[in-house]
Amino acid sequence: MIDLDYLAFLENILTDNRKSNFLKVLENRTKHFTVAVEDVFQMHNTSAVMRSCEVFGIQELNVIEQRFGKRIDKEIALGAQKWVDINRFDSVSGCLADLKSKGYQIIATTPHENDCMLEDFDITKPSALFFGTEKEGLSKEIMDNADGFLKIPMVGFTESLNISVSAAIVIQSLTNRLRRSDIDWKLSEEEILVKRLDWAKNSIKDIKRIEARYYQENPR
């Protein structure tokens with residue numbers, strides 16, 4: 001449950017322009033789609049995917065770090081980590097189980113012949129979009145557990161794209177279609193309040209001191 005008094009206290013510190021921007025951005029945020037990346041060795045690729053999620057309104061990014069550990073480059077993410085929720089998993093099975101428990105269908109992005117083309121993808125179902133590396137693709141575990149497969153139409157000699165490029169193309173296409181649809185894709189009122197609080201805290205320097213002062217003056 002959100003402490004509305006605390007939220008009001010923090011937002012009173014922010015400029016009107018900042019608060020207005022929060023509401024404007026949150027109006028276009030969605031959890032109808034979520035993105036997952038698997039064991040991406042080059043950290044700048046994961047960071048670039050995070051930026052694409054932020055730019056195109058995907059609120060959550062799921063990162064599987066089974067083999068290479070934590071590899072998000074904050075410099076390349078350019079602050080996106082302040083506005084996108086990062087769910088980190090140390091196993092593929094853990095990530096799959098979590099997403100399925102939230103009602104997402106598992107969609108593997110691959111360049112295979114019989115996959116659904118991007119423009120034909122059914123956007124009505126909440127979907128977790130999985131991306132693997134350009135060289136190795138997605139693991140067998142993800143492919144075996146996928147509910148569907150998606151590919152970007154390509155007409156050149158090259159058969160695959162860098163993960164960050166693939167993710168940007170897919171996310172931009174699907175979120176644009178989503179916003180033009182009648183699907184209930186927006187964040188709930190409660191989810192918006194949660195993000196307003198998180199973003200306010202991320203925007204205020206020395207937030208721990210300010211938070212301590214607030215609760216000292218307003219004991220629960």
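Author: A helix here is a DSSP run of H or I with at least four residues, numbered from the N terminus. The model is a predicted one.

Reader: How many residues apart are Lys 195 and Asp 198 in helix 8, and what separation is that in helical turns?

Author: The side chains of Lys 195 and Asp 198 meet in a salt bridge, 2.8 Å from N to O. An α-helix has 3.6 residues a turn, so residues three or four places apart point the same way. In helix 8 (residues 189–203) this pair is three residues apart, a separation of about one helical turn.

Reader: Which parts does the salt bridge between Arg 29 and Glu 54 tie together?

Author: The closest N and O atoms of Arg 29 and Glu 54 are 2.8 Å apart, and both residues are buried. The two are 25 residues apart in sequence, so the pair ties together the loop between helix 2 (16–26) and strand 1, and helix 3 (residues 43–56).

Reader: Where do the buried residues of helix 5 lie, seen down its axis?

Author: In helix 5 (residues 92–101), the buried residues are Val 92, Cys 95, Leu 96 and Leu 99. Seen down the axis, they fall within an arc of 95 degrees, so they line one face of the helix.

Notes
Residues are numbered from 1 along each chain as its sequence is written. This is a predicted model: local features need pLDDT of at least 70, side-chain atom pairs count only at pLDDT 80 or more; totals for chains, interfaces and linings use all residues. Side-chain values use heavy atoms; hydrogens and water are left out. Buried means under 20% relative accessible area, exposed over 50%, partly exposed in between (1.4 Å probe, protein chains only). The arc is that of the directions from the helix axis to the C-beta atoms. A salt bridge is a side-chain nitrogen of Lys or Arg within 4 Å of a carboxyl oxygen of Asp or Glu.
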